[in-house]
Amino acid sequence: HVLPTDGYVNGWRSNYPFGEVSSATKTSSNGSKLGPSSVSGISGTVFEPIDEYKGDFARIYFYVCTRYYQYVGDFGGNGSNVFKGSYPYLENAYFNLYLKWAIEDPVSQKEIDRNNAAFEFQKNRNPYVDCPSLFYRAFMA
């Protein structure tokens with residue numbers, strides 16, 4: 001669930017949660033933004049990746065909730081409260097936002113290639129990349 005990134009941009013992203021920004025206080029050269037949340041139910045500063053990666057991050061978060069469900073209630077970062085200790089393991093506003101992102105940004109070849117490379121190294125896969133419809137059975141049934 002770790003992705004390569006621009007070190008400078010990742011530095012100002014810090015531990016802010018992923019979200020959508022109402023008015024950017026910082027914008028990277030590729031268009032990622034940092035600023036106050038525009039999403040109802042998510043307050044404070046968030047980091048908004050470019051559209052091309054929103055679904056990738058959503059599927060990573062769903063994988064983390066599936067694989068580490070017993071621990072995610074203890075996850076935190078900058079007081080973000082993204083995760084919770086009970087199903088579906090994401091706070092409602094984040095769950096709804098990441099669901100939207102997963103639908104709007106379907107699995108790309110780059111994401112498939114990354115999943116395959118992770119498997120070669122770790123011997124595990126993100127099932128939401130391999131079979132995006134599995135998300136609906138896991139979280140929407």
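**Entry 1: helix α2**

I began with helix α2, residues 51-67, whose 17 residues should span 24 Å at 1.5 Å a residue; the end C-alpha atoms are 25 Å apart, which agrees. The expected span is 1.5 Å times one less than the number of residues. Helices here are DSSP runs of H or I with at least four residues, strands are runs of E with at least two, and both are numbered from the N terminus.

I noted that this is a predicted model, in which local features need pLDDT of at least 70 and side-chain atom pairs count only at pLDDT 80 or more, while totals for chains, interfaces and linings use all residues. Residues are numbered from 1 along each chain as its sequence is written, and side-chain values use heavy atoms, with hydrogens and water left out.

Is α2 enclosed, or is it open? I found 13 of its 17 residues buried, so α2 is largely enclosed by the rest of the structure. Buried means under 20% relative accessible area, exposed means over 50%, and partly exposed lies in between (1.4 Å probe, protein chains only).

**Entry 2: salt bridges**

I searched the whole structure and got seven salt bridges. The rule asks for a side-chain nitrogen of Lys or Arg within 4 Å of a carboxyl oxygen of Asp or Glu.

An α-helix has 3.6 residues a turn, so residues three or four places apart point the same way. Both arginine 59 and aspartate 56 are buried.

Next came glutamate 20 and lysine 100, with their closest N and O atoms 2.9 Å apart. Glutamate 20 sits in the loop between α1 (7-13) and β1, and lysine 100 in helix α3 (residues 92-104), so the pair ties together parts 80 residues apart in sequence. Glutamate 20 is buried at 14% relative accessibility. Lysine 100 is partly exposed at 32%.

I also checked aspartate 130 with arginine 125, a salt bridge of 2.7 Å, N to O. Aspartate 130 is partly exposed at 41%, and arginine 125 is partly exposed at 29%. Elsewhere, salt bridges that share partners join Asp56, Arg59, Glu111 and Arg114 into one network.

**Entry 3: cysteines**

How many disulfides are there? I counted zero, taking a disulfide as a pair of cysteine sulfur atoms within 2.5 Å. The sulfur of cysteine 65 has its closest cysteine sulfur 18 Å away, in cysteine 131, too far for a bond. Cysteine 65 is buried at 1% relative accessibility, and cysteine 131 is partly exposed at 28%.

**Entry 4: the sheet**

I traced an open sheet of three strands, ordered β1-β2-β3, with antiparallel pairing. β1 (26-27) and β3 (45-48) stand at the edges with a single partner strand each, so one side of each has no neighbour in the sheet. Two strands pair if DSSP finds at least two bridges between them. Strand β2 (residues 33-36) has four bridges to β3. Leucine 34 has phenylalanine 47 of β3 as its bridge partner.

**Entry 5: a surface patch**

Last, I looked up a nonpolar surface patch of about 300 Å², made by Ile103, Tyr136 and Met140. Patch residues have over 30% relative accessible area and no salt bridge; like charges are joined within 9 Å, nonpolar side chains (Val, Leu, Ile, Met, Phe, Trp, Tyr) within 5 Å. Areas come from the Shrake-Rupley method with a 1.4 Å probe, and for residues only the protein chains shown count as cover. Methionine 140 lies in helix α6 (residues 134-140) and is partly exposed at 42% relative accessibility.
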